[in-house]
Amino acid sequence: MTEVHEFDLTLPDGRTLHGYECDGDGVPVMWHHGTPNVGTPPKPLFALAAELGLRWVSFDRPGYGGSTAHPGRTVASVAADAAALADALDFDRFAVVGHSGGGPHALACAARQPARVIAAVSLGGLAPFDAEGLDWFAGMGPTSHASLRAAAAGIEGKRAHEQEHADAPIDFTAGDWTALSGPWGWLGEVAAAGMASGLDALIDDDLAYVTPWGVDLGAIIAPVLLAHGVDDHVVPASHAAWLAAHLSTAEHWQLPGESHISALAAEQHGADDALRWLAEHVRR
């Protein structure tokens, strides 16, 4: 049984970064969580990771769980926190995996640490807000659309929106809810823990998504896997398509009939297959 060890790291600016490290001695894989979650590594993938010789590490993004808030943070600044974690754990090289809002942060690590990141996976992840030629909001469900539009209008409007629409239904499909009744119901646990810290971290996340990431995606040299449900209405599949067209090292898996959560549980090209892809590429 995989054990998870928690620890606190003091960053150069005095902030605390709350980290997680699974036991074992496999190739380190850094998990980047979605919004609003804490950074506990993905329990549904523990057994397969151990079988493949991979070992999870992760952290709470600033403001979530045990990590100090960092107002005004960007996708790039979180990548710097990730690098500090890798330094503290003495990882020379590592892989990254992100789901949903964790996707941009995983790609940012690959771009900012090209000599260290062996491979990157983005599962249902966002494209940059300023992506040329992409209608960024097209295909989003009403709740996701309104929430991110509010973020684009600024922090005060975003805060008011979240306070007024706390009970808005999530843009999940029936397939997503079915997936949440299985092992990926773990996401409900980390989402509840993420919301226990209040709205600030969620707001900081969404503001980071709709402002410049501060990342040159062209700097990525590691192999990248982009896996995305075609019927995703939280993060539309067009985001992965745009990334695939603009990342020279990317492989793109489109999952027909799958959406934001069901894509993780899919038997073909789901999270299990993505982890197998990662294991193959970290050993090349």
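Guide: Let's start with a facing pair: L123 stands opposite A227 in β7. This is a predicted model, so please read each position below as part of a prediction. The strand pair around that spot is made of β6, residues 117-123, and β7, residues 224-229. The two strands run parallel, and 4 bridges join them. In general, strands of a sheet pair through backbone hydrogen bonds, either parallel or antiparallel.

β6 and β7 sit side by side in an open sheet of 8 strands, ordered β1-β2-β4-β3-β5-β6-β7-β8. The pairing across this sheet is mixed. Its edges are β1 (4-10) and β8 (250-255), each of which pairs on one side only. On average, and with direction ignored, neighbouring strands are turned by 20° against each other.

Helix α9, residues 237-246, lies across β7 and β8 and runs at about 155° to β7. Helix α11, residues 271-282, lies across β3 (27-32), β4 (54-59), β5 (94-99), β6, β7 and β8. Relative to β6, helix α11 runs at about 165°.

Stay with α9 for a moment, as H239 has its place in that helix. Is H239 buried or exposed? With a relative accessibility of 0%, H239 counts as buried, because the cut-off for buried is under 20%. Leaving aside residues up to four places away in sequence, H239 touches G125, L126, A127, L134, W136 and M140.

One of those partners, L126, leads us to another residue. L126 is also touched by P104, along with V75 and W213, again not counting residues up to four places away in sequence. P104 is placed in helix α3, and at 0% relative accessibility it counts as buried.

As a general point, nonpolar side chains tend to be buried together in soluble globular proteins.

What does M30 touch, not counting residues up to four places away in sequence? The partners of M30 are V57, F59, A82, L85, A86, F94, A95, V96 and V97.

Some backbone details in the loops are also worth a stop. In the loop between β3 and α1 (46-52) you will find P36, and a cis peptide bond joins T35 and P36, with omega at about -10°. The loop between β5 and α3 (102-112) holds S100. The phi of S100 is near 60°, a positive value in a residue other than glycine, and S100 counts as buried at 11% relative accessibility. H269 lies in the loop between α10 (262-265) and α11. Its phi is near 65°, again positive in a residue other than glycine, while at 28% relative accessibility H269 counts as partly exposed.

Finally, let's step back to the protein chain as a whole. There are 11 helices and 8 strands in it. The radius of gyration is 17 Å, close to the 19 Å that the globule rule gives for 284 residues, so the chain is as compact as a globular protein of that length. Along its principal axes, the C-alpha trace spans about 45 × 45 × 40 Å. Buried residues make up 55% of the 284 residues. Among contacts between residues at least 6 apart in sequence, 75% join residues at least 24 apart. As for the surface, the chain exposes about 11,500 Å², and carbon and sulfur atoms supply 52% of it.

How values were computed
Residues numbered from 1 in each chain as written. Predicted model: local features only at pLDDT ≥ 70, side-chain atom pairs only at ≥ 80, totals over all residues. Heavy atoms only, no water. Pairing = 2+ DSSP bridges. Axes fitted to C-alpha atoms, helices over the stretch in contact; angles between N-to-C directions. Contact = heavy atoms within 4.5 Å. Rg over C-alpha atoms; globule rule 2.2 N^0.38 Å. Buried < 20%, exposed > 50% of the residue type's maximum accessible area, 1.4 Å probe, protein only. Areas by Shrake-Rupley, 256 points an atom, 1.4 Å probe, with all protein chains shown as cover.
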